[in-house]
2 protein chains.
Amino acid sequence: MSQLLKEFIKNNVKIDEDGLNQICPCFKPYNFSKGELILSKGEIPPFFYFVLEGCLRVYVLLPDGKEFTRYIAFEGMFCAPFPGFVNQRPSFAFLDALATTKVLAISYHDFQQLLKESPAFEKIYRIVLEKSYVDSILRIEDLISLNSKERYQKIMKESPHLIQLLPNRILANYMGISQETLSRLKSSH
Amino acid sequence: MSQLLKEFIKNNVKIDEDGLNQICPCFKPYNFSKGELILSKGEIPPFFYFVLEGCLRVYVLLPDGKEFTRYIAFEGMFCAPFPGFVNQRPSFAFLDALATTKVLAISYHDFQQLLKESPAFEKIYRIVLEKSYVDSILRIEDLISLNSKERYQKIMKESPHLIQLLPNRILANYMGISQETLSRLKSSH
């Protein structure tokens with residue numbers, strides 16, 4: 001079950017079996033059904049998730065009632081409503097499952113414990129943080145600087161799985177364009 | 001000169017003099033004058049900075065020609081046009097000095113070397129990354145959910161140094177409001 005997590009860790013840090021056995025048992029399996037709301041705004045996120053199958057989404061509600069999709073995690077990616085989890089404060093964002101989803105989840109307590117005790121986990125977390133932070137900035141730069149067609153072409157080139165796996169409603173929302181524009185872009189490619 | 005950096009490190013990780021002497025000599029002093037453009041869009045950021053005195057700003061140009069201030073670093077804070085530095089690619093953002101500024105700068109090569117060789121530096125960087133990423137999300141959540149008055153009240157409460165130290169033009173830009181609105185808010189408090 002935790003084979004995918006082990007592979008992720010071994011691909012990113014030098015680690016032996018003892019090191020893996022210190023980290024992996026802290027992650028417990030959970031299943032979510034398609035469309036399940038995992039965490040609402042105002043709740044304190046208890047877990048940091050590693051996706052084994054399916055897809056998790058972090059989104060916020062805009063003042064006009066529309067959703068803004070902040071982050072999407074597929075197989076092999078970590079996910080949490082981040083500031084809420086790190087500071088153990090009520091989350092501004094929601095977390096839901098876009099498909100039938102299997103995850104491994106680590107509690108905040110175990111997470112902090114591992115950061116203290118496992119330099120390998122510290123490095124893994126640093127790598128995940130760095131990528132997430134960079135990706136979030138790059139995404140905003142794309143939203144600022146690219147038009148709809150350019151955004152679609154960039155996703156086709158760099159993240160074609162988003163186009164294959166996400167429903168149109170979510171993909172359009174993630175790209176900051178209307179569903180009609182997305183349909184037009186899809187049909188013209 | 002590197003006393004402030006040493007203090008920052010010692011406040012965040014357990015470290016002895018040998019550990020400090022591994023990290024601190026990698027940081028070299030630089031001075032910038034007020035208003036100096038340190039890095040332009042399209043350039044690859046060669047350094048990660050630690051501010052000793054003054055203030056650095058990372059900003060992007062919007063399609064309408066206006067600036068959007070992404071990040072501001074005062075004394076005791078790290079700063080870089082982040083995705084460009086981490087991936088060693090041309091930066092989308094600009095970096096300038098808002099005041100006469102003294103920094104310590106570490107090159108990309110030395111930075112990567114330290115990450116490999118110093119677990120203390122890995123932890124420091126992880127802590128800086130976590131705070132930067134959380135702050136960037138919280139700031140966007142504030143821009144989405146708070147009106148001008150609420151943003152001003154929050155900054156007064158949580159980051160009053162921004163109001164004291166930044167020129168009105170930059171502070172208004174950072175808050176996503178007009179200078180006229182900022183002047184009104186300042187005079188009514």
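In chain B of this predicted model, four strands form an open sheet in the order β2-β7-β4-β5 with antiparallel pairing, where two strands count as paired if DSSP finds at least two bridges between them, and where helices (H or I, at least four residues) and strands (E, at least two) are DSSP runs numbered from the N terminus. Strands β2 (37-39) and β5 (67-74) of chain B stand at the edges of this sheet, each with a single partner strand, so one side of each is left without a neighbour in the sheet. Neighbouring strands of the sheet are turned by 30 degrees against each other on average, direction ignored; axes here are lines fitted to C-alpha atoms, for helices over the stretch in contact, and angles run from 0 to 180 degrees between N-to-C directions.

As the model is predicted, local features need pLDDT of at least 70 and side-chain atom pairs count only at pLDDT 80 or more, whereas totals for chains, interfaces and linings use all residues. Residues are numbered from 1 along each chain as its sequence is written, chains are lettered from A and ligands numbered from 1 in the order in which they are written, and side-chain values use heavy atoms, with hydrogens and water left out.

- Helix α8 (residues 168-175) of chain B lies across β4 and β5 of chain B and runs at about 110 degrees to β5(B), contact meaning heavy atoms within 4.5 Å.

**Strand β8 of chain B and its partners**

- Strand β8 (residues 101-107) of chain B has five of its seven residues buried, so it is largely enclosed by the rest of the structure; buried means under 20% relative accessible area, exposed over 50%, and partly exposed in between (1.4 Å probe, protein chains only).
- Strand β1 (residues 28-32) of chain B is joined to β8(B) by five bridges in an antiparallel arrangement, and the bridge partner of B:K28 in β8(B) is B:A105.
- Strand β3 (residues 47-53) of chain B also pairs with β8(B) in the antiparallel sense, over six bridges, and B:E53 stands opposite B:K102 in β8(B).

**The β1-β8-β3-β6 sheet of chain A**

- Chain A holds an open sheet of four strands in the order β1-β8-β3-β6, with antiparallel pairing, and its edge strands, β1 (28-32) and β6 (78-79) of chain A, each pair on one side only.
- Strand β3 (residues 47-53) of chain A pairs with strand β8 (residues 101-107) of chain A in the antiparallel sense over six bridges, with A:I106 as the bridge partner of A:F48 in β8(A).
- Helix α1 (residues 3-12) of chain A lies across β3, β6 and β8 of chain A, and its direction is at about 105 degrees to β3(A).

**Overall form of chain A**

- The secondary structure of chain A comes to nine helices and eight strands, and its C-alpha trace spans about 55 × 35 × 30 Å along the principal axes.
- With 189 residues, a compact globule would have a radius of gyration near 16 Å, and the 17 Å of chain A agrees with this; the radius is taken over C-alpha atoms, and the globule rule is 2.2 Å times the number of residues to the power 0.38.
- Of the 189 residues of chain A, 49% count as buried, and residues 24 or more positions apart account for 68% of the contacts in the chain with a separation of 6 or more.
- The accessible surface of chain A comes to about 9,200 Å², of which 52% belongs to carbon and sulfur atoms; such areas come from the Shrake-Rupley method with a 1.4 Å probe, and for residues only the protein chains shown count as cover.

**Relation of the two chains**

- Chain A is superposed on chain B by a rotation of 180 degrees with 0.0 Å of shift along its axis (RMSD 0.0 Å), by least squares on the C-alpha atoms of residues with pLDDT of at least 70 in both.
- That is the relation of a two-fold axis, and the same surface serves both copies, as 100% of the contact residues of chain A recur in chain B.
- A:E122, placed in helix α5 (residues 119-145) of chain A, counts as buried at 5% relative accessibility.
- Leaving aside neighbours within four places in sequence, A:E122 is in contact with A:L115, B:E122, B:K123 and B:R126.

**B:L185 in helix α9**

- B:L185 belongs to helix α9 (residues 179-187) of chain B and is buried, with a relative accessible area of 6%.
- Leaving aside neighbours within four places in sequence, B:L185 is in contact with B:S148, B:K149, B:Y152 and B:I177.
- B:L185 and B:L37 are 148 residues apart in sequence and 30 Å apart in space, C-alpha to C-alpha.
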